[in-house]
Number of protein chains: 2
Amino acid sequence: MKKVQCDVLVIGGGPAGSITAITAKGHNPEKEILLIREDKEQLVPCAIPYVFGDILGSTEKNVASCAPVENTGVTTMVGVVDEVSIENKKAYTKDVQISFDKLVFATGSIPFVRPTMSEAAKLEGVFTIPKSKVKIDQLKAYVDTKQRITIVGSGFIGVEIGLEFAKSGKEVTIIDGAEHMLNTAFDVELANQAEELAKKVGITLELGNYVDSIEEEDGVVTGVELSGGKVIKSEVVILATGYKPDTDLAKKAGLKLARYGGIWVDEYMRTRNHDIFAVGDCAARRDFITREPSKVMLASTSVAEARAAGSSLYKLKYIKGFNGTIAIFSTVILDRAFASAGITEVQAKIQNLDIVTGTFEGMNRHPATIPDAVKQSVKLIAMNHSGRIIGGQITGGPEVGELINIIGLLIEEKVSVYSLMSLQVATHPLLTAAPTNYPIVKAAEIISKKMD
Amino acid sequence: MKKVQCDVLVIGGGPAGSITAITAKGHNPEKEILLIREDKEQLVPCAIPYVFGDILGSTEKNVASCAPVENTGVTTMVGVVDEVSIENKKAYTKDVQISFDKLVFATGSIPFVRPTMSEAAKLEGVFTIPKSKVKIDQLKAYVDTKQRITIVGSGFIGVEIGLEFAKSGKEVTIIDGAEHMLNTAFDVELANQAEELAKKVGITLELGNYVDSIEEEDGVVTGVELSGGKVIKSEVVILATGYKPDTDLAKKAGLKLARYGGIWVDEYMRTRNHDIFAVGDCAARRDFITREPSKVMLASTSVAEARAAGSSLYKLKYIKGFNGTIAIFSTVILDRAFASAGITEVQAKIQNLDIVTGTFEGMNRHPATIPDAVKQSVKLIAMNHSGRIIGGQITGGPEVGELINIIGLLIEEKVSVYSLMSLQVATHPLLTAAPTNYPIVKAAEIISKKMD
């Protein structure tokens, strides 16, 4: 068995692992940082849906380069770690033994398949969406000659993939037990708009409808039977029912797992053993506002954790670690952008938060006669007494991608609607709403008038 | 003389006056709010450049509706206030006497013409850019049959108007004594990019060059002579050398003016007499960071002042008033957006601030193979010891319009580069940079490594 030695071993080459390694090297240039990853070629996870349609068209156009990691002086290796001994500070692949001083788990997540679906998942024509180039290529090749596609799950991945297939002329059905599409991110008024656009592109939505069984013939999928008895003929079934932390290795190594199966970590992403860290989807998360365990998995928040971990390996550098996950998403449905940050109104009710909401609808350019002006709508959610912003949802043009990050920052910096009243913003006819109707300020104003 | 009575009189119907009136009515529904404005039709100030080209094409498409003001129950009147008696709480037009309890000056700004140019300004073919529909229509009609246009001043208005004329095939020269275009908002590296694009559309730039004299024949302008002796033949000369507070009325009423001529106000936009307020371009301003008097005039910051004033007329409602102006701009040059917030590196040197800068260049989509991906560059400026963000400059696609507002919020909320390391953002392939290369975080990281 080959023997390798390093100071910091990072297991996993996705966004969390890469940024941990880069950050660690930046803070500790004298240390030997080794990153080990399973696949030679790593996909950009959030762009996977776009390899199926015209936008990217192939996984080759969606490969994350290793250059940023390697250029900083981090060593990379392709291999599968089968076992870790925390006591001896060693990790093992089939043929290499790696000694480390610090270890970072960045093993990511794998598709979650409901136990009732585990047999069906093995049929020909039934797929999940793992972050693996080989497997995505297989799915793409299989679907190329097929027409009828059914997607189980109306989260971001399911909807984004469904849109790409529908735009390329396939018959797409999306099934979800929830009454509305994208229901973890959007309240009903925005979900309705998203649903209208999905229907416009030809997608059939079966919402509030559970899958009863997957039908097959000779081991090949033929359809999906819904709980009401309706059968949707399908040549391909995609299970897009979420992801779960990939923690088999950590569990075997004896690390404590939290609710929902993530590796337990503190705000600096340390396990109880301060030489062992976990970042990204394999780490346990808490919600920034409610402090409850969170299932949200996002590359963008993973890299925030990675920066906290990478700068805290040998010394805690900054007092602020990672203070909980803000669910912060954006997507595009046809020509409209949709985005959400923090707590939705529905979640606030479930969590028993005393909230006030305010929605302002205007235009994303000013005056409204600017040729590419489209409607823009901002909903803010604030605590009833302090006025502190805890959530927001937006639809509009492409500017929504950064507008939601303003709301994210308001949440993270604990800004109240009162401060927002005199918020100073740049406005420009060709780029933003009017200064008099800047939607975040207007929504805050509406909230301030409704507060106790 | 007709007599009218009101509780709150707002003089001026631009963004500052309108939003003060709307906010005042919202907080005091029982009060009679009267807004008096000079023009029946008010232009959207920042879209004036776009009436000259294809984007709007006429001032009719750039009229700000009075409906938002009137719909809230504010009374509006067209007229010119000639005199105000603060002692008697009365204002006078030619034929109306208005009694008030509270008075808000929102008289705005007028084009600043250098004393050496005041005679030339009277020539046929020489124009300024006042915010008046009648005068903009006159300029537009005059320019329609002309080909050679010279603009004195390379600030936002001069550049934006120059671009519209150049795009419609006219010969445009822009003259500025400064070495670079848009020099108050951008450091040299960004100004260079803006200049390249201006030249690409055919604009001739005469930078670092002063106007010596305006040439004429029979009272009609024929050209501009530069300090070096060069003559630029011109059928039209536009003086775009800034604006000054319109405070004749306030001065006559005995109000104290501050340096640069604005009406002196406190953080709640009150004059020494707490029944008299001033908002917008006619009010004196201080810079948010340096606390020095500021000449920046922006509709977007004016409405922030207006909200502070409108909510403080009868009672101070929020502890936070208006804490100084953040210079925060955005514009579009050909197909690139440019934006700036806070202090530039040049200004920081002049003001003797101990700063560190960090610039990150990436793509505005991810992966870079997304079809509409363009380069995006973010420069941040932070204090050397605290790491507090005090400025930023961006170029990129249309998302820049909101990306700069994130930087504005970082400045206003006094966020440091350390907090930015674990900033949580939404990223999406079709809308933003990659999570691993989110430009604001990357620029902050570069700064943190350079700090003492």
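1. Basis. This is a predicted model, in which local features need pLDDT of at least 70, side-chain atom pairs count only at pLDDT 80 or more, and totals for chains, interfaces and linings use all residues. Residues are numbered from 1 along each chain as its sequence is written, chains are lettered from A in the order in which they are written, and side-chain values use heavy atoms, without hydrogens and water.

2. Extent. Chain A and chain B bury about 6,400 Å² between them, with 65% of it on carbon and sulfur atoms (accessible area, 1.4 Å probe, lost on being put together and summed over both parts). Arg307(B), Glu402(B) and Gln424(B) supply 13% of the area that chain B buries here, more than any other three residues. In contact terms (heavy atoms within 4.5 Å), 72 residues of chain B meet 72 of chain A.

3. Salt bridges. The interface holds 2 (side-chain nitrogen of Lys or Arg within 4 Å of a carboxyl oxygen of Asp or Glu). Glu445(B) pairs with Arg307(A) in a salt bridge, their closest N and O atoms 3.6 Å apart.

4. Rings. The model has 10 aromatic pairs over all chains (Phe, Tyr or Trp ring centres within 6.5 Å, Trp by its six-membered ring). Ring pairs join Phe156(A), Phe186(A), Phe329(A) and Phe338(A) into a cluster.

5. Charges over rings. Lys31(A) sits over the face of Tyr314(A), 4.4 Å from the ring centre (NZ of Lys or CZ of Arg within 6 Å of the centre and within 35 degrees of the ring normal). In chain B, Lys131(B) has its charged end over Tyr243(B), at 5.1 Å from the ring centre.

Conventions
Phe/Tyr/Trp six-rings, centres within 6.5 Å; stacked < 30°, edge-to-face > 60°. Buried area = accessible area lost by both parts, 1.4 Å probe.
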